[in-house]
Amino acid sequence: MGVRRPKFTRLNPLQWPLALRVPVLAALMMVTVSAVVTDRVLTRLIDTQNRHLTELSDAYLDGISSAVIPHVLREDIWEVYDALDRAAQRYEGLDIAWTTVTDPVGRVIASSQPRAFPLQTELPDPVRSRLNGASDSATYEDHGVFHVKRELVHQHRVVGAIYAEMRIGTLIEERREVLATLIASNTTLTLLFAIIGYITVRRMMRPIRVLSESMRSGAAGSVTPVPVELIGRPESEFGQLFRRYNSLVQAVAERERLLKSLAEEERLAALGRLASGMAHEINNPIGGMLNAVDSLKRHGDRAAVRETSIRLIEKGLLGIRDIVRSSLATYRHRQDERPLTATDVDDLALLLQPEIKRKNLQLEWRNAMDREIFVPVGGVRDAALNLLLNACAATEPNRTVSFEAAATQDGIELEVRDQGPGMPRAILDYINAPLSQPAPVAPRSGLGLWMVKRFAYEVGGQLEATTRACGGTSVRLKIPERKKPFAKTQELSHVA
């Protein structure tokens, strides 16, 4: 099965593909730049329009002021009307809505719209409050008009004022057109740059996708190199990256091949050591038995010869039986149908008695099992017997071999101690190391410890060996108890 791709989370931009994040970032940058540019353009346009409008209104007011001041001093209303009418024709391009002249107290003297501003009336409150207190001022209205005011001054004395309203709808429409043009052009450029960014990033990310697919297929199975037709230009950065990746793939494949070859060689070597060790262990008893048979053939009539020969044959057969039993315990999974009891452990002392008597050894036996323990009975017994036989072989005559067995909270613990010269350092290191370390099997060494260690590994146990301060070696074997043992076996037996 392939590697499952992570789910695409729309709400988290950090989880978006890079081919999408870069165009979105470019679009956001364009929107920001366009907003700033649009604001600056509109601000500059408004300032320019205001400046031009102020200059035109000042020119208009200057012309009217010079024309109406003499008539205002003489209070000649008709001449003021005539001056306003001539000014409206002269400044027709300003689109003036109305112009009104007032006296110093704010009463209307004359107006271009006499119905809206009757004679000798005060200006409407909106106009007066908007421009009140200013000698020359201007303001925009929502409906697109521009108001101006100019005081009439003669010999440092205010003799009246001019109020005017100008329509600026054309200027506002121009601003709207400029804003719409800016929005349309900026939107087009933003979309164009986003599309270009997306296509560019997609093309840039294509080699990364090729490399990712190759690595994903490697995670699902064997590592595959990048096809030659997808490498592109060899001198490019990605071309060099692909060539280096293919070199790495070749190195990994070569390493796997070498590891398989070494594993096969190690397996064959282990089998060879096992076969040679078993052949050696079995060949010696067979040689002794053949010699005993030959003695029986020649001197079978003698009682002493018969007794000695039978003892040698029995010893050889017992040795072969132990080797075969240990091998079966190692390479065949037993389905023990009962727990280990204290009697099963004590039986080992009886099996060990011939070897104890042959070497004239002392056996210290302590069995502290106070309950039944669900462990592989045959495997535990064979492992303990192997350790005891090794201890007997290492102990000098008239010395002591000790054995202890105890039930722990999670299984059983066995300890065998001898009074021999001590276990070689290579054997100690092998026992206390993981099972992956090769077994130091010598040409004339047995396979007991190797099989015990393998058994402990298979059942999840632990084998430890230490050198005793008083001399000899102590080997401790811990086997964990199985949970809910034999439930399936007992159920099948009940059904049968």
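Reader: At what angle do α7 and α8 pack, and how far apart are their axes?
Author: In this predicted model, where local features need pLDDT of at least 70, side-chain atom pairs count only at pLDDT 80 or more, and totals for chains, interfaces and linings use all residues, the two helices are α7 (residues 342–359) and α8 (residues 377–394). Residues are numbered from 1 along each chain as its sequence is written, and side-chain values use heavy atoms, with hydrogens and water left out. Helices (H or I, at least four residues) and strands (E, at least two) are DSSP runs numbered from the N terminus, and axes are lines fitted to C-alpha atoms, for helices over the stretch in contact, with angles from 0 to 180 degrees between N-to-C directions. α7 and α8 pack at about 25°, with their axes 10 Å apart.

Reader: Is α7 roughly parallel or roughly antiparallel to α8?
Author: Angles under 35 degrees count as roughly parallel, over 145 as roughly antiparallel, 65 to 115 as roughly perpendicular and the rest as oblique. The angle here is about 25°. α7 is therefore roughly parallel to α8.

Reader: Which residues of α8 make the contact with α7?
Author: Contact means heavy atoms within 4.5 Å. The α7 side supplies D344, D347, L348, L351, L352, E355, I356 and K359. From α8 come V377, R381, A384, L385, L388, L389, C392 and A393.

Reader: How many of the residues of α8 are buried?
Author: Buried means under 20% relative accessible area, exposed over 50%, and partly exposed in between (1.4 Å probe, protein chains only). α8 is largely enclosed by the rest of the structure, while in the chain of 496 residues the buried share is 34%. For α8 the count is 13 of the 18 residues.

Reader: Is M166 buried or exposed?
Author: M166 lies in strand β5 (residues 157–167). Its contacts, leaving out residues up to four places away in sequence, include L53, Y60, I96 and F146. With a relative accessible area of 0%, M166 is buried.

Reader: Is R90 buried or exposed?
Author: R90 belongs to helix α2 (residues 77–90). Its relative accessibility is 57%, so R90 counts as exposed.
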